[in-house]
Amino acid sequence: MSNFMMLVHNENMKIYRRMRTWVMLGILAFMSIIIPYLFSGNGGGETTSFWEGAMLSVTFVSFLNTIFSVVIAADSVAGEFSWGTIKLLLIRPWTRSKILFSKYLSVLLFSILSTLTMILLALGTSYLLLSSTADVGMIPENMTPASYAVISWVFEYVDLFITIAIAFMVSTVFRSGALAIGLSLFILFTQGIFGMIFNPERYGWAKYILFTNMDLSQYLYVYGDGQGGMSLGFSMMILAVYYVLFMGISWYVFNKRDVAA
């Protein structure tokens, strides 16, 4: 176990010793602070609830967080092949499965760090600059602002979690960071469009498509079944199946690939 943790530590060092990582975290921190500050201007601080300001800030900054996390995931495996260091890594006394898992775990740890940084700074800045008594926008009657915010942030991270899995799989299979970034961002920006085109109420089979299940926020206002008979549990099950598929493909290809040439 200690050897594996050392392997994870080495992978984390590869991420955090690069200037770009700190630049990305700095951008996330800056945007998480500046957006609530902008909301507080022109008297908005008295009329905007700090919960609402924090949620809006996180929603805006989440796009950047996804892009940055995808960049880290895309470079995790593909970067080893690009720099020619994959052979040096594989001759170490670790199995390929442990190497791949340590890389994936380090990517997840970065995504958790970036997400917590974004949320905590947005929440703290909103608390200092915005009203603690103003009414929050429309939320379900059975939820408090705090519970609604936490659940919506969890749902956003699930979307990020699946997007990272896609980027990591493409990086592993095709050894191309550019392709992994491009495909992941394509999914990020078009999942809503595909969700509208392949509406489960129009096409029964569409509820099994990845795109129609990634946005779990659609269930925040839904009681019982959603569109096309879908539910939160159903979407989570579909996402779990896709996740296992993505990770299975990554593991199989990485373990079977010949890197001797």
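**Helix packing and helix H4**

Reply: Happy to! One point to begin with: the crossing of H4 and H8 is right-handed. Keep in mind that this is a predicted model.

Me: At what angle do H4 and H8 pack, and is the pair roughly parallel or roughly antiparallel?
Reply: The axes of H4 and helix H8 (residues 177-197) lie 8 Å apart, and the packing angle is about 150 degrees. Angles over 145 degrees count as roughly antiparallel. So H4 relative to H8 is roughly antiparallel.

Me: Thanks! What is the handedness of the crossing of H7 and H8?
Reply: Helix H7 (residues 145-174) packs on H8 at about 150 degrees, with the axes 8 Å apart. That makes H7 roughly antiparallel to H8. As for handedness, the crossing of H7 and H8 is right-handed.

Me: How far apart are the end C-alpha atoms of H4?
Reply: H4 covers residues 50-83, which is 34 residues. At 1.5 Å a residue, the helix should span 50 Å. The computed separation agrees with that: 46 Å.

Me: Where is the kink in H4 centred?
Reply: The helix axis bends in H4 by about 45 degrees.

Me: Which residue caps the N-terminal end of H4?
Reply: Look at the backbone nitrogen of Trp-51: a side-chain oxygen lies 3.2 Å from it. The residue that supplies this oxygen, and caps the helix, is Ser-49.

Me: How many residues of H4 are buried?
Reply: Buried here means under 20% relative accessible area. H4 is largely enclosed by the rest of the structure, because the buried count among its 34 residues is 24.

Terms used
Residues numbered from 1 in each chain as written. Predicted model: local features only at pLDDT ≥ 70, side-chain atom pairs only at ≥ 80, totals over all residues. Heavy atoms only, no water. Helix = DSSP H or I, 4+ residues; strand = E, 2+ residues; numbered from the N terminus. Expected span 1.5 Å × (residues − 1). Bend = angle between axes of the 7 residues up to and from the residue. Buried < 20%, exposed > 50% of the residue type's maximum accessible area, 1.4 Å probe, protein only. Polar contact = N/O pair within 3.5 Å; in protein donor to acceptor, adjacent residues only side chain to side chain. Axes fitted to C-alpha atoms, helices over the stretch in contact; angles between N-to-C directions. Parallel < 35°, antiparallel > 145°, perpendicular 65-115°, else oblique. Left-handed = near helix turned anticlockwise from the far one by under 90°.
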